[in-house]
Amino acid sequence: MARALASLAALLSALCVASAAWAHATLVSSEPADGSVLAQPPKMVQLHFNEDVTPAVVGVIDASGKARDVATRAAGQSVLIVLPDDLSQGTQIVSYRVVSQDGHPVSGSLVFSIGAVTGAAPPPKAGPLPVLIWLARIGVYLGLFAGVGGAFFAAWIGQGRADRRSAAVRLPSVSSVRWPPSPCKGSISSTCRSAAS
Ligand SMILES: [Cu+2]
């Protein structure tokens, strides 16, 4: 029963999310179109949505990977993005975040290229560095393990030797040692005092 209720709740929440998503503004088209290659740098990018939107954050990353400041203007269901006039040849990335009429933010991005497609996005910093870090870590762990293990081993072996040595030294004198030693030696308990008196 609880399980059925839980799945019903999950279904209802999924439906809510879905209906909320339907109410969000969606990008219908853009000029230039996503992925297009242009001969000349465009003056602006126009984003056309299915409902009125308010631009929140709009950014352009140029072909050299540099973030550029752009001016934006809302015009009903469209957002106009005025581009810098010194965009270099290559692929530019336009990212946008707009607010739907229901107050929900919608974000997305599109790319267009001037002249030719280039790798506009800087490659993620992968390569030999992480491998070196991992090797160093493994080395530290191995060293730690060997160090602790070695110290333990040395202590253990050394302890064993010391025990054998002290035992060998002590053994001949065992007969001269009274065992067990008197429990009252150095004790101040009342039973010991009464026994001593
Ligand atoms: Cu919404």
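Visitor: Which residue in E7 is the bridge partner of Gln46?

Guide: The partner of Gln46 in E7 is Leu80. Please note that this is a predicted model: local features require pLDDT of at least 70, side-chain atom pairs count only at pLDDT 80 or more, and totals for chains, interfaces and linings use all residues. Residues are numbered from 1 along each chain as its sequence is written.

Visitor: What is the strand order in the open sheet of four strands?

Guide: The order is E1-E3-E7-E6, with antiparallel pairing. Strand E1 (27-31) and strand E6 (71-75) are the edge strands, each pairing on one side only.

Visitor: Which other strands does E8 join?

Guide: Strand E8 (residues 90-99) runs antiparallel to strand E4 (residues 54-61), with seven bridges between them; Val58 has Tyr96 in E8 as its bridge partner. E8 is also joined by 10 bridges to strand E9 (residues 105-114), again antiparallel, and Ile93 stands opposite Val111 in E9. E8 and E9 form a hairpin with five residues between them, and Gly103 in the turn has a positive phi of about 90 degrees.

Visitor: How many residues make up the largest nonpolar core?

Guide: In soluble globular proteins, nonpolar side chains tend to be buried together. A residue is buried if 20 or more other C-beta atoms lie within 10 Å of its own, exposed if 12 or fewer, and partly exposed in between, with C-beta atoms placed from the backbone. A nonpolar core is a set of buried Ala, Val, Leu, Ile, Met, Phe, Trp, Tyr and Cys residues joined through C-beta atoms within 7 Å. The largest core here has 12 residues, among them Val45, Phe49, Val58, Ile81 and Tyr96. The elements giving two or more residues to this core are E3, E4, E7 and E8. Of the 197 residues of the protein chain, 9% count as buried.

Visitor: Which residues is Phe49 in contact with, leaving aside its neighbours within four places in sequence?

Guide: Two residues are in contact if their C-beta atoms, placed from the backbone, lie within 7 Å. With those neighbours left aside, Phe49 is in contact with Ala25, Thr26, Leu27, Val28 and Gln77.

How values were computed. Pairing = 2+ DSSP bridges.
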